[in-house]
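Have a look at the fold, then read on.

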Amino acid sequence: MPEQKDPRQEVDAARTAFEREFARFASLTSGTGAELSSLTEAEAELRALADLRVRHTGKKSAIAGAKKLIGRVAPEDRASFGQLVQKTEMQLTESMDAAELALKTFIETARIARESIDVTIPGRRPRSGHLHPITLMRQRIEDIFVSLGYAVEDDREIETDFYNFDALNIPEGHPARDPQDTFYTTQGFALRSQTSTVQIHAMQRRGAPVRMIAPGRVFRRDTPDPTHNPMFYQVEGLCVDRGITMAHLKGTLAEFVHRLFGPETRTRFRPSYFPFTEPSAEVDYSCFNCGGDGCRICKSSGWIELGGSGMVHPNVLRAANVDPEVFTGFAFGLGIDRTCARIYELDDIRLLFENDVRFLEQFK
Ligand code: DAH
């Protein structure tokens with residue numbers, strides 16, 4: 001017979017082993033859960049506690065072993081030993097139940113806190129963007145000309161001298177090249193200094209008759225100041241057909257300003273010079289603000305400059321393979337950002353290109 005250990009000592013040993021391991025859960029039963037720093041930690045502790053339960057009260061635990069000894073102790077001690085085992089097991093179970101409850105309570109509270117939505121918090125309004133004032137102006141201009149039967153051309157910004165100058169009747173050495181000095185590449189290309197280049201491309205592509213406008217960016221070697229920017233927007237217009245006269249030009253631009261600024265708007269044509277038109281004219285319209293009486297916007301003159309215009313020079317038609325004996329045409333060029341700046345009374349045109357939302361969001 002192997003030497004019998006004292007069964008009570010085994011129960012004591014089981015309790016001591018349990019208490020040593022349970023120590024870290026013991027504080028949980030005080031109920032605050034403050035020592036748990038996160039939901040993840042609490043969930044890990046709950047799993048550790050389940051392990052502990054298996055080891056200390058499961059089938060292979062020391063307590064389970066002690067239970068088996070009950071039948072073997074002397075009959076006169078059996079009842080009190082049995083009570084000791086049972087009481088001990090109950091105490092372990094109760095301790096673990098209390099810790100488990102504390103952990104579960106903490107976990108549930110933390111989950112609710114994580115998932116809860118405060119429906120009373122004011123919503124965050126999505127910031128909706130809008131089109132740039134230059135884009136809005138371009139679209140208004142396009143709408144008007146499209147309704148007059150014009151096509152909208154979107155052409156290249158990098159050009160050869162031929163399209164930017166020669167084909168527009170501005171040969172090498174012509175003084176008209178100077179004010180339109182632009183940015184050049186080393187391969188003989190340049191950023192276009194005017195949208196008039198599209199007149200040539202459009203006639204080459206479509207032939208005559210043709211009616212088109214070409215809005216787009218142009219570039220000049222200018223130092224930025226309140227009224228100049230090295231990059232700005234123009235709209236070119238071209239109408240070529242049999243029998244087109246200056247009257248068509250005047251009628252078209254008069255109709256355009258009526259639609260853009262109102263039917264009371266008047267136009268004025270002043271003789272001018274452009275190499276690609278003959279005759280040429282500067283076009284003004286009566287001030288949309290004062291109607292011509294003179295105000296701050298029109299600088300007391302009653303008139304605002306719209307742009308340049310004229311009858312297409314025969315050399316230009318020829319350069320684009322259109323026969324000037326058969327076809328005549330008119331052309332015009334307007335500044336989009338300049339018109340924008342007038343309408344919105346901007347005292348510095350550069351504001352349009354700085355992309356400061358505080359400025360831009362005023363033009364919704
Ligand atoms: N291209 C001229 C400029 O940039 C504007 C212009 C004037 C265009 C007269 C035209 C025109 O088509 O006929 O200053």
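Two strands pair if DSSP finds at least two bridges between them. Helices (H or I, at least four residues) and strands (E, at least two) are DSSP runs, numbered from the N terminus. This is a predicted model, in which local features need pLDDT of at least 70 and side-chain atom pairs count only at pLDDT 80 or more, while totals for chains, interfaces and linings use all residues. Residues are numbered from 1 along each chain as its sequence is written, and side-chain values use heavy atoms, with hydrogens and water left out.

Q: Which residue in strand 9 is the bridge partner of Val240?
A: Strand 5 and strand 9 are paired in the antiparallel sense, with 8 bridges. For Val240, the partner in strand 9 is Gly329.

Q: Which strands stand at the edges of the open sheet, and why is one side of each left without a neighbour?
A: The open sheet has 7 strands with mixed pairing, in the order 1-4-5-9-8-7-6. Each edge strand has a single partner strand, so one of its sides has no neighbour in the sheet; these are strand 1 (151-152) and strand 6.

Q: What angle does the direction of helix 5 make with that of strand 4?
A: Helix 5 (residues 133-147) packs on the sheet and touches strand 1, strand 4 (210-219), strand 5 and strand 9; contact means heavy atoms within 4.5 Å. Axes are lines fitted to C-alpha atoms, for helices over the stretch in contact, and angles run from 0 to 180 degrees between N-to-C directions. With strand 4, the angle is about 165 degrees.

Q: Why does the pair of Phe145 and Phe332 count as stacked?
A: Rings of Phe, Tyr and Trp (its six-membered ring) pair if their centres lie within 6.5 Å; planes under 30 degrees apart count as stacked, over 60 as edge-to-face and the rest as tilted. The count by this rule is 13 aromatic pairs. In Phe145 and Phe332 the ring centres are 5.3 Å apart and the planes meet at 25 degrees, so the pair is stacked.

Q: How many residues apart in sequence are the parts that Phe145 and Phe332 tie together?
A: Phe145 belongs to helix 5 and Phe332 to strand 9. The pair therefore ties together parts separated in sequence by 187 residues.
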